[in-house]
Amino acid sequence: MRNMFNTAVAVLALVLPMSNSTVSVARQLSNSTLSEADRAPPPTILPDEANPIEDFEIALDRYLRMTVPVTIAGAGPFRFLIDTGAQATVVTHRVTDRLQLVPSGQALLVAMGSSRMVETIELDGLEFANRRLDGLTAPLLEARHIGADGILGLDSLQNLRVLMDFRENRISVADAHDDRGTGYEIVVRARRKLGQMIITDARIDGVRTAIIIDTGAANSHGNAALRRRLRARQLDELLTTDVHGFEVRSDLTFAGTLRIGGLTMTKVPIGYADSPVFAQLGLDDRPALILGMQNLRAFDRVAIDFADRRILFDLPDGSRANTATRQLFFPSRIGT
């Protein structure tokens with residue numbers, strides 16, 4: 001059986017000409033996070049019988065909850081997705097057309113399954129969460145491939161806290177020291193590498209594994225080193241498309257247990273595909289996993305604190321644990 005998703009999945013390595021710098025961006029959307037209606041900007045036409053008002057309002061509400069308002073040079077607001085797997089902030093033609101911005105250069109953008117030269121935009125005056133950023137070099141992509149006006153990557157998120165509240169189906173960003181950082185049941189320390197927050201002491205079926213919490217990934221993806229250590233056998237196929245529209249096929253397997261700090265997840269789905277993402281992070285020669293939103297939804301809340309290098313988890317109570325499990329496309333169970 002093949003699991004097919006109308007998803008956009010990418011690991012974008014932005015190689016700037018005349019420079020030794022490389023910027024990687026991980027991006028993935030899922031039907032469980034954003035529906036096809038959510039991918040487009042809020043429609044300006046009235047719903048018809050095929051798109052009833054109730055469905056439109058639900059889609060619009062989810063779109064607003066999973067994005068944050070951003071202004072650029074005082075214009076906007078635009079709706080940007082928060083992607084903790086993306087090193088670079090991304091803009092779309094929808095933004096540049098409105099602001100009459102012209103490309104400043106080109107760069108090679110390596111996605112999950114393809115590589116292409118893309119134009120880049122120099123951004124000044126990008127504002128959100130009471131902060132202003134200038135001098136950003138952003139890849140220019142199509143809105144239909146990323147599902148929003150843009151992406152806030154790690155270059156915009158440093159010293160902030162990204163909060164995923166799955167009780168409210170909302171993602172937000174705030175100062176790392178505000179009072180929303182209290183009340184979490186499990187706190188895990190991480191180390192920083194190329195802006196990423198990496199948990200280094202997790203174990204999958206007893207194999208020590210580096211874990212990256214990625215709000216831009218719908219599903220979880222492992223590297224070849226992890227697959228070899230686990231001797232993982234393909235049980236199914238995961239079909240996605242990257243941000244260039246290229247079709248990516250992943251071998252779907254299930255791990256018995258994933259242990260992070262004081263919590264345990266069981267029956268964890270992991271997809272494997274040839275991809276440059278782990279090499280870009282320097283993790284191609286050791287077991288590593290990008291932990292996506294499908295599995296994170298088993299928790300009440302997850303927060304990534306870039307200032308203090310912590311990842312915080314809030315477990316559901318017993319009355320909600322089974323509900324959270326059922327909401328996953330690929331069920332995972334958690335415990336302590």
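Two strands pair if DSSP finds at least two bridges between them. Helices (H or I, at least four residues) and strands (E, at least two) are DSSP runs, numbered from the N terminus. What you're looking at is a predicted model, where local features need pLDDT of at least 70, side-chain atom pairs count only at pLDDT 80 or more, and totals for chains, interfaces and linings use all residues. Residues are numbered from 1 along each chain as its sequence is written, and side-chain values use heavy atoms, with hydrogens and water left out.

**View A. Strand β12 and its partner β13.** Over six bridges, β12 (residues 160-165) pairs with β13 (residues 170-175) in the antiparallel sense. Look for Val162, which sits opposite Val173 in β13. The hairpin has four residues between the strands, and Asn169 in that loop has a positive phi of about 55°, although it's not a glycine.

**View B. β12 on its other pairing, with β23.** Here β12 and β23 (residues 301-305) run antiparallel, joined by five bridges. Arg161 has Asp305 as its bridge partner.

View D. Most residues other than glycine have a negative phi, and most peptide bonds are trans. Arg231, in the loop between α6 and β19, has a positive phi of about 50°, and Arg231 is exposed (over 50%) at 73% relative accessible area. The bond from Gly76 to Pro77 is cis, with omega near 5°, and Pro77 lies in β4 (residues 75-82).

Note on methods:
Buried < 20%, exposed > 50% of the residue type's maximum accessible area, 1.4 Å probe, protein only.
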